[in-house]
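Notebook open, structure loaded. I am jotting down what I looked up, in the order I went.

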Amino acid sequence: MENNDTENLIEVKNLKINFDTYAGKVKAIRDVSFHLKKGETLAIVGESGSGKSVTTRSLMGLNADNAEIAGGQIMFHGEDVLKKSEKEMQQIRGKDIAMIFQDPMTSLDPTMKIGRQIAEPLIIHNHVSKKQAMAQALEMLKLVGITDAEHRINDYPHQFSGGMRQRIVIAIALICYPEVLIADEPTTALDVTIQAQILKLMKELQEKIETSIIFITHDLGVVAGMADRIAVMYAGKIVEYGTVDEIFYNPQHPYTWGLLNSMPTLDTQSGELSAIPGTPPDLLDPPKGDAFAARNPYALKIDAEQEPPFFKVSDTHYAATWLLDPRAEKVTPPEAIAKRQAQWAKMHTDDGELVRPATPLNTADNLDDSDRE
Amino acid sequence: MAKYLLKRLFYLILTLFLIATITFFMMKLLPGTPLSNESKLSHTQIQMIYHTYGLDKPVWQQYLIYLAGMVRGNFGLSFQFDNQPVSYLLATRMPASFQLGIQAMIVGVLLGIIVGGIAAIRRNTWVDGTMTVISILMISIPSFVLAILLQYYIGLKAGAFPVAGWGNFSYTILPTIALAGSPFATTARFIRTEMVDVMSSDYIELAKAKGLTSTGVVYHHALRNSLIPLITLIGPLTVNLMTGSLVVENIFAVPGIGEQFVKSITTNDYPTIMGITMMYSVLLVVVLLITDIVYGIVDPRIRLQGGRS
């Protein structure tokens with residue numbers, strides 16, 4: 001990945017994580033590098049088990065006991081997070097790096113009033129009085145759009161709906177104004193209309209609080225309106241990364257093609273969505289060469305032999321596929337992808353200006369407030 | 001809530017009535033009579049005594065008379081213990097049993113919470129293993145065996161506490177330990193399981209992500225959530241304690257109800273048997289009722305639903 005150390009808030013370099021299990025060592029993260037700039041949103045996309053959550057949990061030192069860091073660095077404020085003690089990590093967690101979890105129905109303590117739960121990080125980190133913390137919690141509760149916050153601050157989690165609970169989880173994460181917010185599939189457990197509201201809220205709050213977001217999802221559709229850049233993960237590796245436009249309109253890796261093709265868009269005409277055939281490889285014993293080769297209709301001979309390095313597409317866009325090697329034969333991507341790439345060519349008019357297409361790709365862009373809870 | 005309480009109260013009275021009825025007739029099926037051991041009495045004397053106590057009437061009449069008396073709070077006179085009213089006997093004997101029961105409950109449950117909690121936090125280490133073995137031993141060893149072991153090793157050999165009898169606080173220590181074994185082990189096992197479950201829940205991960213220390217996580221989030229279900233255990237624990245105390249009090253010669261209960265059964269002292277049975281039953285159903293109410297108070301989820309219905 002291209003480096004510009006002064007701007008990078010977080011820099012992950014060659015991260016490798018194994019899990020010790022009864023069956024053997026699961027190589028969950030196999031040499032992952034990425035960076036996060038101040039104020040941007042980076043989406044990490046991939047299917048279940050690709051290592052998205054493990055990667056981000058290691059940023060907070062929250063991986064399970066059987067996780068073993070096999071190599072790499074995670075630089076945050078010029079220090080390697082992986083070398084920090086548990087005590088030092090506790091200072092960072094919730095204050096500098098905060099996290100939103102997937103399932104709002106289970107991530108709040110059922111026996112504690114929500115006000116107290118929101119105020120808790122403030123009391124731990126900023127050493128403010130309980131009264132002051134509660135006052136700030138109330139402000140935050142209003143900010144995340146809970147109506148009648150003055151009364152509801154004394155309610156328990158079960159008195160809220162799923163969408164409201166996720167707003168509370170967001171309030172907890174943002175109460176200390178963290179520099180980095182990790183959102184681990186924050187909308188997966190919610191129904192679609194609520195999903196859009198939560199995404200919109202996150203975007204609004206990102207501006208107010210000036211935080212950078214790492215957004216983990218398996219749903220490319222959710223990402224389009226949210227992220228600045230996208231990293232696509234497969235089998236414990238990043239296979240392609242670039243800006244949102246680059247990934248959506250000029251994808252290079254066959255896995256990214258598969259992901260885009262399995263996502264419904266307004267253009268989807270046929271009644272069927274295509275799926276990527278096969279299942280991800282067993283990370284107990286990762287295959288030699290390109291891990292995606294077995295499921296890849298465009299696989300080359302070399303894919304079975306040697307792992308592809310990152311090929312540069314543009315300054316911000318890299319993809320790890322042998323198809324980009326100058327010696328590789330040119331392949332025609334699936335029809336829908338070819339269409340996207342044609343649109344990409346059109347977007348880049350003669351003077352190099354970027355023109356966004358008229359039809360939005362996702363639902364998060366066209367929201368209205370009327371369907372708020 | 002009022003409707004719920006009224007319903008519970010009705011069932012409570014029904015339960016007590018059934019217990020009284022069943023115990024009464026089962027008791028009458030016991031072999032022997034209150035006077036089987038009095039060989040010096042002549043037949044006429046026995047008949048006279050029977051007449052005084054109403055024992056010459058048909059059983060169903062005795063039953064009705066007994067019920068009528070019980071409703072008015074009159075449990076009759078004891079045959080065995082100097083003709084004292086049973087209610088008086090209970091009143092003098094209750095304090096010792098109560099003191100032992102409450103001491104054993106507090107010691108057992110508190111220790112159980114601490115030990116179970118530590119075992120959960122140090123899961124799958126030697127600490128956890130040792131605690132599991134201890135609690136399994138405590139569950140398996142009957143309290144009367146534990147009582148005798150304590151008497152022999154701590155009372156007699158070490159001479160640390162009185163072997164038996166009743167006097168100052170030191171007399172209560174061995175019987176308390178003997179009785180506390182079972183609630184301790186049950187609580188420890190229960191809390192360990194609950195805590196392990198709670199510790200793997202999402203809200204504990206969120207608490208860690210907030211930057212809480214591990215003690216903070218346990219103290220503020222895990223403990224409360226694992227303690228609430230413990231309330232449901234208090235009912236069964238009380239039953240265990242009651243049955244345990246019947247024998248343990250005898251072993252330690254504690255002048256409590258348990259000791260008297262055993263004696264009254266062996267001598268067919270009908271009013272005393274009934275009186276003690278009923279007292280234990282009332283205690284138990286009331287404990288169960290209180291448990292349910294308390295559960296509603298501590299668990300916000302139940303509290304709200306109770307309030308709405």
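First, a ground rule: I call two residues in contact if their C-beta atoms, placed from the backbone, lie within 7 Å. Helices (H or I, at least four residues) and strands (E, at least two) are DSSP runs, numbered from the N terminus. This is a predicted model, where local features need pLDDT of at least 70 and side-chain atom pairs count only at pLDDT 80 or more, while totals for chains, interfaces and linings use all residues. Residues are numbered from 1 along each chain as its sequence is written, and chains are lettered from A and ligands numbered from 1 in the order in which they are written.

**Helix α6(A)**

I started with α6 of chain A, residues 162–174. The helix has 13 residues and runs 18 Å from its first C-alpha to its last, close to the 18 Å expected at 1.5 Å a residue; the expected span is 1.5 Å times one less than the number of residues. Buried or exposed? I count a residue as buried if 20 or more other C-beta atoms lie within 10 Å of its own, exposed if 12 or fewer, and partly exposed in between. On that count 12 of the 13 residues of α6(A) are buried, so the helix is largely enclosed by the rest of the structure. Among them are R165(A), R167(A) and A171(A). The cover over these buried residues includes β6 (97–100), α3 (114–125), α4 (130–143), β7 and α7 of chain A.

**E185(A)**

Next I looked up E185(A), which sits in the loop between β7 (180–184) and α7 (192–209) of chain A. E185(A) is partly exposed, because it has 19 other C-beta atoms within 10 Å. Leaving out residues up to four places away in sequence, I found E185(A) touching Q102(A), I216(A) and T217(A).

**The core**

A nonpolar core here is a set of buried Ala, Val, Leu, Ile, Met, Phe, Trp, Tyr and Cys residues joined through C-beta atoms within 7 Å. The largest has 152 residues, and I118(A), A171(A), F215(A), V223(A) and V232(A) touch the most other members. It is α7(B) that gives the most to this core, with 12 residues. I also checked F215(A): beyond its neighbours within four places in sequence, its contacts include T41(A), A183(A), V223(A) and M226(A).

**Chain by chain**

Chain A has 11 helices and 12 strands, and 46% of its 373 residues count as buried. Chain B has 12 helices and 0 strands, with 34% of its 309 residues buried. The C-alpha atoms of chain B fill a box of roughly 85 × 60 × 30 Å, taken along the principal axes.

**Two helices in chain B**

I then took α4 (residues 86–121) and α7 (residues 170–199) of chain B, which pack at an angle of about 35° with their axes 5 Å apart. Axes are lines fitted to C-alpha atoms, for helices over the stretch in contact, and angles run from 0 to 180 degrees between N-to-C directions. Their contact divides into 21 nonpolar, 10 polar and 2 charged residues.

**Where the chains meet**

How many residues does each chain bring to the contact? Chain B brings 18 and chain A 24. On the chain B side, α8 (202–209), α9 (214–251) and α12 (300–308) each supply at least two residues. I noted α8(B) as giving the most there, with 6 residues. That side of chain B divides into 6 nonpolar, 5 polar and 7 charged.

How values were computed: Nonpolar A, V, L, I, M, F, W, Y, C, P; charged D, E, K, R; others polar.
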